[in-house]
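Student: I would like to learn how to read strands, helices and ring contacts in a model. Can we go through one together?

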Amino acid sequence: MTPVFENANKVFELLATLVRRPRKGELPTELADRNGIPVVCLIGDDLTELTEGIRASLNGATPHRIPHEFISMSEIRDEVAQESDPLPAEWQPVEVYRRALVALAQEFSSARNGRDERVRFRRFGLVNWLLESDYPAREPDSQQDRELLRRLREREFQRRRLFGVLRSPETEVSMQGNIPWWVLVLGLHLFPLAWFRAWRGVGTEYRWLVRQPYMAPRDPGTFPGFAMRLTRPRRGRENPDQVGKLMINAFLEDLRVAYRRRFRPRRSARRTAYCAAFLTDVDDTNHGTALIRSLVDVRNETGVFDPLAVLCTGVRLEDELLGHELRGRGELSEDLYGIWRHHFEAAGRSRSAAVWYLPVVVPAPLAPDAATYRQQKDRVELVGRLTVDPPPKWARRRVTALAGVVAVAVLAGGFARAFDPAPALKWRELHCGLSRSDPDAATLRLRSTGECIGVAPNGYTFGSKDPALKETLSTIARQNREADRIHEQFTIRPVVTLIHLSALLSSAGQPSSLTYVREALQGAASAQRRQLDKRGATDPVLRIFPASAGSGMRFGPDAVATVERMMRDDPSIVGVTGLDQSRTATITTIEELTRIGLPMVATSLSADTLDDHSPMYYQVSPQNRRQATVAAAYGAHLAEKGTIPRRSVRIVYSADPTDEYSENLRADAAKSFDAADFDVEQQAFRPSPAAPGKASGYPGPRTVGEHACGYDGLVFFTGRPEDFETLLAGVNAACGSNPPFLLGGDDVARMAADPVRRTAYPKVPFDFMDFTLGSTSCKTKSDLYSTLRKLFPTECEQLANTSLDGHASLAFDAVNLYLKAVGQLQDAASQLPLSSLTVWHSLSSIHGSAALDGESGRIDFGGVVDRQIPLDKIISVQRVDGMKRPAQVGFCGRWGTLSQSGWCPPPEGRGGTE
């Protein structure tokens, strides 16, 4: 655990400053012609806990870990001292240097850093290999030269791309083992020494070795001659200090090349964090102090920037800081980095060793009962979560791969132009860039907004860049193919196809905003998986066809037209799930689905009037009317407890007249809170983006949030999650230390599902309504999560920081409603064919003892002919406080044998009234 002491957060702020690489230039970015990273010396009595805290911070950095290694200089010194063949005293520091640098190189080249952050240590690997090589001590001759070149050639075969099966960055700094026979055959017969001599003139590490400044590499004037000087036992004649600096310079040069912005700017730009070396127990006896001094000397003598952040403990700097501006200072209350940067700039090119050191005095930890302990602990926890910039989009591997794909496409397009290219080009333009051979192309259309609309049974991602969403769609496509194979093998098992229709591209380019879409698809995929695993002779074979209606469901009628064409050839399409956002466009989509005779089971829609537009419309979530009643009951509970000082409510709603959800929930909330003896006021805001001219004259959500400061009642938000985020930003900026009590409608759950968006303003807690019991785990004993754990293990691994917002369980239940309806139809009238109309008729029979005990609660349509909304469906209240996952504070409705909260309103009547 990270110790808590005065200004502890400044240690981590300094660490973040030193490891974050600027987008342009190098540290310090404020200095135009002077770059460098200081050597941070942590000074204190017991720094073990702080060291572990720093290790955890570097390991847990986002979006990727910081390449780093912690090295105990005392342990390395003990290893060297315990060698059976001890080295002379003057060479022991060199061996300590070598082992420390090898450990750093192995870590920085490790696969755990990912492909983009790994470093290849060609120069240091060559130097280390030579230092570990043994040759006879006689005078050099041509035979020894040939032997050295032969060994280097064999080493080269093991590390070049030609023999990639043997090569990895970690092997650069290791001594090579036995060479396979086929490599020897190639080396001896196809690539003689003449080839290696020619290659040596091109290989960067070989040319660098004879041009670097240490050990007079021009003596004796040849590469083999200088390389032989580094081998045992000849290196004993050399100056140990020069050999040590040669190793350090080789190590730093490999880092410089890896981070160089020229020649290969894409690869360099992917490196957004510097490497960090943490040396512990540094003192004169274990040669740690000498290692740091040599590193500083190399920096001064070469005058070249190196991307290595060095931190150390145990070092004493009295001699190094003699005359230094930081001598006798280092308290965390000061701007240590600013002072160091000023001194570094003032030093210019003087190359004084003292300018590189930045001492930091770490005070004693605070007692848990100290007055400032909680404040300091919160600060440390907040800044201890390191974040670095993701690689720029133009430098990502996908862009490079895409460039290759584009190049191939251009060549292919040029070839196709000779064969009447116009029809093919027009087809691609109309069908989202897909060729005629793509199985999804015929059911997709590109609209003027750039959105791809239609149905994609075979895994097309609708232009999304979210890898988790792409994996989900790929899983559904794979299961659809499996369903076809099962039906071919067991034709007696009928095929049931459901269209999952959503506003899939409403957040194109913002993967975090697609969380709820992905989870709904994962819930549907889990229900499909369980159905495919059944082995009954007549168990239906289920297919799920993902479909997109565009942002705000604006192209819903176009998507329905595509489904209508598909139904002519595929009578197995019996229903629709999904449907997003209660808007005017959504109502139009419902009416179009009714026109083509396709029943619907919506997953998260809640506006009161949706079922008035179609007798074929059902939903698994409660209505806004019930949500408003529960919200008013919860508000009364808060007022009775004194949590809100005044029995008043401010209903914040969207001024967009096309947003049926917000307007309907506002009206219901005003009625319910008024009935609960609340003073009701209503505040409209201009949503973003707003339709031109339709919401002018209203303040934005940020301003509404700022004006909510000081309000002593309940602020009930009935808008969309993106506007709730903006409202939170306004509250955070204006009164984050004393915010009003905020309660969001169920749509806010979409934002709460994403950990980044949910924890953006940890000072401002808020509650929100949810149509499930709330946050859960893949370890939960349930049909959904046991299946989800198998299908999407990565998603389950992220649940420590993620909250499943209920869309997975709602979609899972929507699919299972259809399956239950099909099962009842098979039992009651097996002679009837499965069709959309017969399945629709069977949906209304799901009530009473035949109700569905779903993952999102009990779904009971009450047995009334025209009831299409489940009775007394569960609604919970969730709380988000700081960086923690949402926690349930109560729920109303029926869920197994659990009892609802005492403050809940009366249950809904069997006739549909409360």
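Student: How many bridges join strand β13 to β14, and do they run parallel or antiparallel?

Tutor: Strands of a sheet pair through backbone hydrogen bonds, either parallel or antiparallel. Keep in mind that this is a predicted model. Here seven bridges join β13 (residues 648–654) to β14, and the two strands run parallel. Within this pairing, V649 stands opposite V680 of β14.

Student: Which order do the strands of that sheet have?

Tutor: The order is β14-β13-β15-β16-β17-β20-β21, an open sheet of seven strands with mixed pairing. β14 (679–685) and β21 (887–892) each have a single partner strand and stand at the edges, so one side of each has no neighbour in the sheet. On average, neighbouring strands of this sheet are turned by 20° against each other, direction ignored.

Student: Which strands does helix α24 touch?

Tutor: Helix α24 (residues 660–675) packs on the sheet and touches β13, β14 and β15 (714–717). The direction of α24 makes about 170° with that of β13. Helix α26 (residues 721–735) also packs on the sheet, with contacts to β13, β14, β15, β16 (741–744) and β17 (766–770). Its direction makes about 150° with that of β15.

Student: Which strands are joined to β8 by bridges?

Tutor: Eight bridges join β8 to β9 (residues 541–548), and five join β8 to β10 (residues 573–578). β8 runs parallel to β9 and parallel to β10.

Student: How is burial read on a helix? Which residues of α3 are buried?

Tutor: For a helix, look down the axis. In α3 (residues 73–81), M73, I76 and V80 are buried. Seen down the axis of α3, the buried residues fall within an arc of 65°, so they line one face of the helix. The elements that cover them include β2 (68–72), α4 (92–108), β3 (275–280) and α14 (288–302).

Student: Let us turn to rings. How many aromatic pairs does a search of the whole structure find?

Tutor: The search finds 19 aromatic pairs. To read a pair, take the distance between centres and the angle between planes. One of the pairs is F108 with F251, which is tilted, at 6.3 Å centre to centre and 40° between the planes. It links distant parts of the chain, as F108 lies in helix α4 and F251 in helix α12 (residues 240–259), 143 residues apart.

Student: What is the geometry of the pair formed by F124 and F251?

Tutor: F124 and F251 are edge-to-face, with 5.9 Å between centres and 90° between the planes. F124 belongs to helix α6 (residues 122–131) and F251 to helix α12, 127 residues apart. F108 and F251 are both buried, and F124 is buried as well. Elsewhere, ring pairs link F685, F717, F724, F766 and F768 into a cluster.

Student: Where does the charged end of R55 sit?

Tutor: The charged end of R55 sits over the ring of F70, 4.3 Å from the ring centre. Likewise, R271 lies over the face of Y259, at 5.5 Å from the ring centre.

Terms used:
Residues numbered from 1 in each chain as written. Predicted model: local features only at pLDDT ≥ 70, side-chain atom pairs only at ≥ 80, totals over all residues. Heavy atoms only, no water. Pairing = 2+ DSSP bridges. Helix = DSSP H or I, 4+ residues; strand = E, 2+ residues; numbered from the N terminus. Axes fitted to C-alpha atoms, helices over the stretch in contact; angles between N-to-C directions. Contact = heavy atoms within 4.5 Å. Buried < 20%, exposed > 50% of the residue type's maximum accessible area, 1.4 Å probe, protein only. Arc of directions from axis to C-beta. Phe/Tyr/Trp six-rings, centres within 6.5 Å; stacked < 30°, edge-to-face > 60°. Lys NZ or Arg CZ within 6 Å of the ring centre and 35° of its normal.
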